[in-house]
Amino acid sequence: MTRFIVAALVLGAVYLVLLLVHPVHRCPSCKGRRSVAHGKSRRPCKRCKTTGRTYRPGSIMAHRLVRDHAFPWIRDRIRDRIAARTGDDR
Ligand SMILES: [Zn+2]
């Protein structure tokens with residue numbers, strides 16, 4: 001039983017790191033194709049709003065936690081990404 005708890009904690013930690021490094025993944029509904037088959041035609045995927053990517057469960061919460069309390073290197077990384085996306089790093 002104790003071994004099971006340790007395994008669950010380890011898996012949780014691995015998943016948390018995965019969330020922080022890769023918060024988005026391919027949309028499971030349209031498999032990244034951005035539209036879903038509907039009868040003979042295809043229609044835009046509602047789940048990812050046609051981006052083909054969705055946030056992993058818990059990733060928004062994990063990033064909020066990190067932003068508020070945790071590791072400075074992850075915070076810097078997030079800040080760099082936001083700066084790169086918006087073009088504010090000049
Ligand atoms: Zn989708």
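**Reading the descriptions**

Arginine 81 is found in helix H3. The model is a predicted one.

Q: Is arginine 81 buried or exposed, and what makes it so?
A: Arginine 81 has 11 C-beta neighbours inside 10 Å. A residue is exposed if 12 or fewer other C-beta atoms lie within 10 Å of its own, so arginine 81 counts as exposed.

Q: How far is arginine 81 from alanine 62 in sequence and in space?
A: The two are 19 residues apart in sequence, and their C-alpha atoms are 16 Å apart.

Q: How do you know that the length of helix H3 agrees with its number of residues?
A: Helix H3 covers residues 72-86. The expected span is 1.5 Å times one less than the number of residues. For the 15 residues of H3 that gives 21 Å, and the end C-alpha atoms are 21 Å apart, so the two agree.

Q: Why is H3 called hardly covered?
A: A buried residue needs 20 or more other C-beta atoms within 10 Å of its own. Among the 15 residues of H3, the count of buried residues is zero, and therefore H3 is called hardly covered.

Q: What follows H3?
A: Glycine 87 does, with a positive phi near 75 degrees.

Q: Why is helix H1 described as roughly perpendicular to helix H2?
A: The axes of H1 (residues 2-21) and H2 (residues 59-69) cross at roughly 85 degrees and come within 9 Å. Angles of 65 to 115 degrees count as roughly perpendicular, so H1 is roughly perpendicular to H2.

Q: Which residues make the contact of H1 with H2?
A: From H1 they are Leu16, Leu19 and Leu20, and from H2 they are Ser59, Ala62 and Val66. Five residues of this contact are nonpolar, one is polar and none is charged.

Q: What is the reach of H1, and what span is expected?
A: H1 has 20 residues and reaches 29 Å from its first C-alpha to its last, close to the expected 28 Å. H1 is also hardly covered, with one buried residue among its 20 residues.

Q: What makes arginine 34 partly exposed?
A: Arginine 34 has 17 other C-beta atoms within 10 Å. Buried needs 20 or more and exposed 12 or fewer, so arginine 34, in between, is partly exposed. Arginine 34 lies in the loop between strand S1 (24-26) and strand S2 (35-38), and has a positive phi of about 70 degrees although it is not a glycine.

Q: Why does lysine 49 count as exposed?
A: Lysine 49 has 12 C-beta neighbours inside 10 Å. The cut-off for exposed is 12 or fewer, so lysine 49 counts as exposed. Lysine 49 sits in the loop between strand S3 (41-44) and strand S4 (53-55), and its phi is positive, near 55 degrees.

Q: How do you know that S2 and S3 pair?
A: Pairing needs at least two bridges. S2 and S3 have four, in the antiparallel sense, so they pair. One of the bridges joins serine 35 to proline 44 in S3.

Note on methods
Residues numbered from 1 in each chain as written. Predicted model: local features only at pLDDT ≥ 70, side-chain atom pairs only at ≥ 80, totals over all residues. Axes fitted to C-alpha atoms, helices over the stretch in contact; angles between N-to-C directions. Helix = DSSP H or I, 4+ residues; strand = E, 2+ residues; numbered from the N terminus. Parallel < 35°, antiparallel > 145°, perpendicular 65-115°, else oblique. Contact = placed C-beta atoms within 7 Å. Nonpolar A, V, L, I, M, F, W, Y, C, P; charged D, E, K, R; others polar.
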